[in-house]
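Dear colleague,

I am passing on to you the structure we spoke of handing over. Please have it open while you read the notes below.

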Amino acid sequence: MTLEEKINTDLKAAMMAKDEARLRGVRAIKSAIINAKTEKGANGVVSEEKEVQILQKMLKQRRDSIAEFEKANRQDLIAKEQEEAAVIEHYLPAMMSEDEVREVVKQAIATTGATSQKEMGKVMGIVSKQLAGKADNKVIADTVKSLLT
(Lines give C-alpha, C1' and ligand atoms only; values in the text may rest on other atoms or scores of the structure.)
Protein backbone atom coordinates (compact mmCIF):
# COMPACT_ATOMS: atom_id res chain seq x y z
CA MET A 1 0.00 0.00 0.00
CA THR A 2 1.47 3.36 -1.03
CA LEU A 3 1.57 6.33 1.29
CA GLU A 4 -1.17 8.04 -0.70
CA GLU A 5 -3.48 5.02 -0.38
CA LYS A 6 -2.74 4.80 3.34
CA ILE A 7 -3.46 8.52 3.73
CA ASN A 8 -6.80 8.21 1.93
CA THR A 9 -7.82 5.28 4.13
CA ASP A 10 -6.74 7.09 7.30
CA LEU A 11 -8.53 10.25 6.17
CA LYS A 12 -11.81 8.37 5.98
CA ALA A 13 -11.20 6.73 9.35
CA ALA A 14 -10.39 10.08 10.98
CA MET A 15 -13.56 11.60 9.52
CA MET A 16 -15.70 8.77 10.84
CA ALA A 17 -14.05 8.95 14.27
CA LYS A 18 -14.37 12.76 14.27
CA ASP A 19 -10.71 12.97 15.30
CA GLU A 20 -9.93 16.61 14.50
CA ALA A 21 -6.21 16.47 15.25
CA ARG A 22 -5.61 13.42 13.08
CA LEU A 23 -7.84 14.84 10.36
CA ARG A 24 -5.81 18.09 10.22
CA GLY A 25 -2.53 16.18 9.99
CA VAL A 26 -3.71 13.72 7.35
CA ARG A 27 -5.25 16.49 5.24
CA ALA A 28 -1.99 18.43 5.37
CA ILE A 29 -0.06 15.35 4.18
CA LYS A 30 -2.57 14.67 1.41
CA SER A 31 -2.35 18.28 0.27
CA ALA A 32 1.46 18.17 0.18
CA ILE A 33 1.42 14.96 -1.87
CA ILE A 34 -1.07 16.41 -4.36
CA ASN A 35 1.10 19.54 -4.67
CA ALA A 36 4.16 17.38 -5.34
CA LYS A 37 2.29 15.39 -8.00
CA THR A 38 1.34 18.57 -9.85
CA GLU A 39 4.83 20.11 -9.78
CA LYS A 40 6.54 20.65 -13.10
CA GLY A 41 8.34 17.48 -14.15
CA ALA A 42 6.56 15.19 -11.67
CA ASN A 43 4.22 13.69 -14.30
CA GLY A 44 1.65 12.93 -11.59
CA VAL A 45 3.99 10.50 -9.80
CA VAL A 46 5.74 10.92 -6.45
CA SER A 47 8.52 8.48 -5.55
CA GLU A 48 8.81 6.95 -2.11
CA GLU A 49 11.98 8.99 -1.45
CA LYS A 50 10.14 12.18 -2.38
CA GLU A 51 7.28 11.24 -0.04
CA VAL A 52 9.74 10.84 2.84
CA GLN A 53 11.32 14.20 1.98
CA ILE A 54 7.88 15.83 1.98
CA LEU A 55 7.03 14.35 5.38
CA GLN A 56 10.39 15.39 6.84
CA LYS A 57 9.94 18.93 5.55
CA MET A 58 6.44 19.09 7.04
CA LEU A 59 7.71 17.81 10.38
CA LYS A 60 10.54 20.37 10.40
CA GLN A 61 8.01 23.14 9.67
CA ARG A 62 5.87 22.02 12.61
CA ARG A 63 8.87 21.91 14.95
CA ASP A 64 9.99 25.37 13.84
CA SER A 65 6.47 26.68 14.39
CA ILE A 66 6.37 25.15 17.87
CA ALA A 67 9.63 26.92 18.75
CA GLU A 68 8.26 30.26 17.53
CA PHE A 69 4.95 29.79 19.36
CA GLU A 70 6.84 28.97 22.56
CA LYS A 71 8.67 32.29 22.27
CA ALA A 72 5.29 34.03 21.89
CA ASN A 73 3.74 31.95 24.70
CA ARG A 74 0.89 30.68 22.49
CA GLN A 75 -0.03 27.38 24.15
CA ASP A 76 -3.15 26.92 22.01
CA LEU A 77 -1.13 26.99 18.79
CA ILE A 78 1.65 24.85 20.26
CA ALA A 79 -0.84 22.09 21.04
CA LYS A 80 -2.19 22.07 17.46
CA GLU A 81 1.28 21.93 15.94
CA GLN A 82 2.34 19.12 18.30
CA GLU A 83 -0.74 17.10 17.37
CA GLU A 84 -0.02 17.50 13.66
CA ALA A 85 3.67 16.68 14.18
CA ALA A 86 2.69 13.44 15.92
CA VAL A 87 0.47 12.48 12.98
CA ILE A 88 3.25 13.22 10.47
CA GLU A 89 5.81 11.25 12.50
CA HIS A 90 3.49 8.25 12.35
CA TYR A 91 4.00 8.03 8.57
CA LEU A 92 7.77 8.52 8.60
CA PRO A 93 10.07 5.49 8.65
CA ALA A 94 11.91 4.86 11.92
CA MET A 95 14.95 7.10 12.28
CA MET A 96 18.41 5.78 13.03
CA SER A 97 19.89 6.24 16.48
CA GLU A 98 22.84 8.57 17.05
CA ASP A 99 25.12 5.56 17.57
CA GLU A 100 24.13 4.10 14.19
CA VAL A 101 24.69 7.49 12.52
CA ARG A 102 28.09 7.77 14.24
CA GLU A 103 29.18 4.42 12.74
CA VAL A 104 28.17 5.45 9.21
CA VAL A 105 29.96 8.80 9.64
CA LYS A 106 33.12 7.04 10.86
CA GLN A 107 33.08 4.85 7.75
CA ALA A 108 32.61 7.89 5.51
CA ILE A 109 35.48 9.72 7.20
CA ALA A 110 37.71 6.68 6.68
CA THR A 111 36.65 6.45 3.02
CA THR A 112 37.25 10.13 2.25
CA GLY A 113 40.33 10.48 4.43
CA ALA A 114 38.94 13.70 5.92
CA THR A 115 40.92 15.01 8.88
CA SER A 116 39.58 18.51 9.58
CA GLN A 117 36.33 20.44 9.57
CA LYS A 118 37.40 22.04 6.28
CA GLU A 119 36.63 18.67 4.66
CA MET A 120 33.21 18.36 6.30
CA GLY A 121 31.48 18.89 2.93
CA LYS A 122 33.00 15.72 1.47
CA VAL A 123 31.79 13.62 4.39
CA MET A 124 28.35 15.28 4.52
CA GLY A 125 27.83 14.63 0.81
CA ILE A 126 28.42 10.91 1.18
CA VAL A 127 26.57 10.46 4.47
CA SER A 128 23.56 12.59 3.47
CA LYS A 129 22.98 10.47 0.37
CA GLN A 130 23.50 7.26 2.29
CA LEU A 131 21.14 8.18 5.15
CA ALA A 132 18.50 10.13 3.23
CA GLY A 133 15.21 9.64 5.03
CA LYS A 134 16.82 7.52 7.73
CA ALA A 135 18.39 10.22 9.90
CA ASP A 136 17.94 13.91 10.58
CA ASN A 137 20.49 16.08 8.75
CA LYS A 138 21.11 18.12 11.90
CA VAL A 139 22.10 14.95 13.77
CA ILE A 140 24.36 13.97 10.87
CA ALA A 141 26.03 17.40 10.75
CA ASP A 142 26.56 17.49 14.52
CA THR A 143 28.09 14.01 14.44
CA VAL A 144 30.43 14.89 11.54
CA LYS A 145 31.55 18.07 13.34
CA SER A 146 32.25 16.24 16.58
CA LEU A 147 34.25 13.50 14.86
CA LEU A 148 36.31 15.91 12.75
CA THR A 149 37.48 18.06 15.66
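What follows is an account of what was found in the structure, from the whole chain down to a single residue.

This is a predicted model, in which local features need pLDDT of at least 70 and side-chain atom pairs count only at pLDDT 80 or more, whereas totals for chains, interfaces and linings use all residues. Residues are numbered from 1 along each chain as its sequence is written, and side-chain values use heavy atoms, with hydrogens and water left out.

The protein chain has seven helices and zero strands, where helices (H or I, at least four residues) and strands (E, at least two) are DSSP runs numbered from the N terminus. The C-alpha trace spans about 55 × 45 × 25 Å along its principal axes. Of the 149 residues, 34% count as buried, a term that stands for under 20% relative accessible area, with exposed meaning over 50% and partly exposed in between (1.4 Å probe, protein chains only). As for contacts, taken as heavy atoms within 4.5 Å, 58% of those between residues at least 6 apart in sequence join residues at least 24 apart.

Once residues up to four places away in sequence are set aside, Ile29 touches Ile7, Leu55, Met58, Ile88 and Tyr91. In soluble globular proteins, nonpolar side chains tend to be buried together.

Why does Leu23 count as buried? Leu23 does so because its relative accessibility is 7%. Apart from neighbours within four places in sequence, Leu23 is in contact with Leu11, Ala14 and Met15, while the C-alpha atoms of Leu23 and Ala13, which are 10 residues apart along the chain, are separated by 8.8 Å.

With kind regards
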